[in-house]
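Hi,

Here is the structure I promised to pass on.

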Amino acid sequence: MELSGTAEAGKLLARARRPVVFTGAGMSAESGVPTFRDALTGLWEQFDAQALATPEAFRADPALVWGWYEWRRTAVRRAEPNPGHRAVAAIEARVPGTVVVTQNVDDLHERAGSAAPVHLHGSLFAPRCSACAHPAPVPDGVAEPGEGRPLTPPRCGRCDAPVRPGVVWFGEALPEQAFEAAVEAAYRCDVLLTVGTSGLVYPAAEIPQVAARLGATVIQINPEETPLDAVCELNLHGPAAHVLPALVRAAWGDAAPA
Ligand code: OAD
């Protein structure tokens with residue numbers, strides 16, 4: 001990580017009035033939640049996305065898909081927010097105009113104190129009916145599925161169709177309200193922090209690009225290069241759990257909540 005970059009980014013953040021924090025799987029990596037595309041550890045390196053993360057996959061084998069997402073939900077429930085999540089909440093506490101937009105389906109931003117993160121890709125904690133979309137209760141006390149072990153999904157209390165995970169699958173539209181809120185935040189923001197995302201999945205990856213096109217300062221926090229490098233004014237190469245607290249300290253000093 002370049003220390004001078006953090007100091008400069010801190011100055012920009014301290015002046016921001018409408019910052020957006022745009023996060024991806026790398027945000028939760030240090031909480032022990034695997035990313036999707038990191039070599040060796042990424043979920044899509046180990047599992048077949050077509051067989052687990054499409055509407056066709058759920059129709060073909062609902063138990064396989066439900067069991068895999070229940071395994072992920074159980075893992076997230078055991079994970080804890082990391083100092084990066086807490087630093088994001090600290091930015092919100094400092095700058096009331098902050099909007100947090102996440103591609104993550106975990107609840108670690110909320111548990112770190114972020115008030116209402118915009119979930120572009122849904123949530124592991126919002127199952128719904130696969131036919132009538134009626135919200136379904138989050139299962140409690142179910143036998144813990146092993147990695148990828150099939151588990152029959154519950155039935156909808158209203159129409160008896162199988163309940164599905166409340167996440168966005170490949171080939172599906174993003175939740176309309178969330179996408180509109182994210183685009184509006186990108187239009188209005190003065191500084192956008194893009195944290196822990198490969199920037200490969202659209203339309204989510206449009207958010208930092210829209211902000212950059214409209215003149216916002218885009219700052220990236222990621223140990224690796226990404227296609228978003230091209231629109232970033234500053235690249236802080238390091239892990240989110242380390243760089244974000246350093247950024248908050250650079251912006252507001254040691255008294256900053258982090
Ligand atoms: P990816 O797995 O594509 O990218 C994760 C990014 O995080 C990479 O650029 C890593 O270099 C970076 N990274 C890894 N560890 C990090 C750390 N400790 N701190 C900061 N960055 C770190 O994940 P996303 O970009 O979130 O979609 O993927 C986007 C979407 O693709 C996901 O929301 C998911 C997936 O298919 C759905 O589930 C709909």
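Bear in mind that this is a predicted model. I started with the largest nonpolar core, which is made up of 26 residues. Those with the most contacts inside it are Leu193, Val195, Ile219, Ile221, Leu244, Leu247 and Trp252. Two or more residues each come from helix H1 (3-15), helix H6 (83-94), strand E6 (191-195), strand E7 (217-221), strand E8 (234-236) and helix H10 (240-252). The top contributor to this core is H10, which supplies seven residues.

Setting aside the neighbours within four places in sequence, isoleucine 221 is in contact with Thr194, Val195 and Gly196, with Leu236, Gly238 and Ala240, and with Val243, Leu244 and Leu247.

Then the charged pairs. How many salt bridges does the structure hold? There are five, and here are some notes on three of them.

- Arginine 164 and glutamate 172: their side chains meet in a salt bridge at 2.8 Å, N to O. Arginine 164 has a relative accessible area of 6%, so it counts as buried, the cut-off being under 20%. Glutamate 172, with a relative accessible area of 23%, is partly exposed.

- Arginine 111 and aspartate 107: this salt bridge joins the two side chains at 3.2 Å, again N to O. Is aspartate 107 buried or exposed? Its relative accessible area is 18%, so aspartate 107 is buried. Arginine 111 counts as partly exposed because its relative accessibility is 35%, which lies between the 20% and 50% cut-offs.

- Aspartate 160 and arginine 155: here the closest N and O atoms of the salt bridge are 3.9 Å apart, and the cut-off is within 4 Å, so the pair still counts. Aspartate 160 is partly exposed, at 46% relative accessibility.

Cheers

Definitions and conventions: Residues numbered from 1 in each chain as written. Predicted model: local features only at pLDDT ≥ 70, side-chain atom pairs only at ≥ 80, totals over all residues. Heavy atoms only, no water. Buried < 20%, exposed > 50% of the residue type's maximum accessible area, 1.4 Å probe, protein only. Core = buried A, V, L, I, M, F, W, Y, C linked by side-chain atoms within 4.5 Å. Helix = DSSP H or I, 4+ residues; strand = E, 2+ residues; numbered from the N terminus. Contact = heavy atoms within 4.5 Å.
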